[in-house]
Amino acid sequence: MADWRNVGNWHWKERNCLEWAKKYFDDKLVGTSATVGEFSAEVTSVDSVTGDVDLNIRKGRLIAIYDVEIKLSWTAARGGSEEALTGTITIPEVAHDTDSYVYDISASKSTKDALPLKDFVRQKLTPEIGKKFEVFTEDLKQANGTDMYIPGNGPNDAPASAPAASAPRQERSVVESDVGVVKTANTTFSTVGITQSAEFVCSASDLYATLTDPSRVAIWTRAPVDGKPAEGETFKLFSGHIEGKYTKLVPGKAIEQSWRVATWPAGHYSTVKMQLEQLSSSTKLSLKQTGVPFNEEDATKANWDRYYWNSIKGTFG
């Protein structure tokens, strides 16, 4: 039988993360609170988490699929009152494809005095609970996705000669992703490539300066810049959250960098290539980035938009 290797995690792999999710929600939700004036409320326990929480790799892409029901207990109090109101909240669907939630709230008492406290839980405590769900997908990927590399069929989990993430493949044109595998001293993980484009109402030379001149970069990043624009020179942006090295600079034309986020695996850099195209009344920027850890793909795309392109446009017009 042929030795079919799962190069770059191309085929399907699934991990059941329900037990991890139970602990996650217990850690994140217990203690969630709201206080306004004399009213206060707090989640006191996570009573149950039931359903499915899975991570899947398909064609090098990490996909989170989950749908769970969560039951919580809460307590609420009003200043000057010696007796607190208790109750439960059932959230029937916390799922990967929804960002709105239904909260079924019950209280230990239904007296007239209890109604304001129950209403406070609905109006003020449940939005705080919802905020914790907003980051669940990313936290799920971060905590469980890094070691989901699928090895080949040989005695070693990954070939020592696995292609470097920073080397773009030349044999084919890729629109969305370019899959690779990186092996470090501590872990082996898959990488992808991303492409983006943005248009700026300025000249190519102005855009080049905006992206490289430390005095300009400090304006749109709203933080000091460490480094200078010269090939071989290192740089740090956003208080060190982004760091790298200039590998190629062509004024008004191109910028190439080794580039990493401080929270990526130690020592791992992606390769960023920006091409600037002068149009009749604007400049088009095309970005190609390879070597992005697969569980960082969505965040990286969003952060280029938010912290680079939108910030530059919002600052300079």
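## Helix α4

In helix α4, the buried residues (under 20% relative accessible area, with over 50% exposed and in between partly exposed, 1.4 Å probe, protein chains only) are Ala204, Leu207, Tyr208, Ala209, Thr210, Leu211 and Thr212. Because seven of the nine residues of α4 (residues 204-212) are buried, the helix is largely enclosed by the rest of the structure. Helices here are DSSP runs of H or I with at least four residues, strands are runs of E with at least two, and both are numbered from the N terminus.

This is a predicted model, in which local features need pLDDT of at least 70 and side-chain atom pairs count only at pLDDT 80 or more, while totals for chains, interfaces and linings use all residues. Residues are numbered from 1 along each chain as its sequence is written, and side-chain values use heavy atoms, with hydrogens and water left out.

## Packing of α4 on α5

The axes of α4 and α5 cross at roughly 75° and come within 5 Å. Axes are lines fitted to C-alpha atoms, for helices over the stretch in contact, and angles run from 0 to 180 degrees between N-to-C directions. The two helices α4 and α5 are therefore roughly perpendicular to each other (65 to 115 degrees; under 35 is roughly parallel, over 145 roughly antiparallel and the rest oblique).

Contact means heavy atoms within 4.5 Å. On the α4 side, Asp206, Ala209, Thr210, Leu211 and Thr212 meet Pro214, Arg216, Val217 and Trp220 of α5. By class, this contact of α4 with α5 has five nonpolar, two polar and two charged residues. Ala, Val, Leu, Ile, Met, Phe, Trp, Tyr, Cys and Pro count as nonpolar, Asp, Glu, Lys and Arg as charged, and the others, Gly among them, as polar.

## Packing of α5 on α6

Helix α5 (residues 214-221) also packs with helix α6 (residues 297-316), at an angle of about 100° and with the axes 8 Å apart. Helices α5 and α6 are therefore roughly perpendicular to each other.

From α5, Arg216, Ile219 and Trp220 meet Tyr307, Tyr308, Ser311, Ile312, Thr315 and Phe316 in α6. The contact of α5 with α6 has six nonpolar, two polar and one charged residues by class.

## Aromatic rings

Rings of Phe, Tyr and Trp (its six-membered ring) pair if their centres lie within 6.5 Å; planes under 30 degrees apart are stacked, over 60 edge-to-face and the rest tilted. By this rule the count comes to 20 aromatic pairs. In one of them, Phe238 and Tyr308, the ring centres are 5.9 Å apart and the planes stand at 55°, so the pair is tilted. This pair links distant parts of the chain, 70 residues apart: Phe238 is in the loop between β10 (234-237) and β11 (242-250), and Tyr308 is in α6. Phe238 is buried at 19% relative accessible area, and Tyr308 is buried at 6%.

Ring pairs join Phe200, Trp220, Phe238, Trp259, Trp264, Trp304, Tyr307, Tyr308 and Trp309 into a cluster. The charged end of Lys313 sits over the ring of Phe200, 5.2 Å from its centre. Arg260 lies over the face of Tyr269, at 5.6 Å from the ring centre. A charge sits over a ring if NZ of Lys or CZ of Arg is within 6 Å of the ring centre and within 35 degrees of the ring normal.

## Two buried strand residues

Gln257 is in strand β12 (residues 254-261) and counts as buried at 6% relative accessibility. Leaving aside neighbours within four places in sequence, Gln257 is in contact with Phe235, Lys245, Tyr246, Thr247, Ser270, Thr271, Val272 and Met274.

Ala95 lies in strand β5 (residues 85-95) and is buried, with a relative accessible area of 2%. With neighbours within four places in sequence left aside, Ala95 is in contact with Tyr66 and Asp67.
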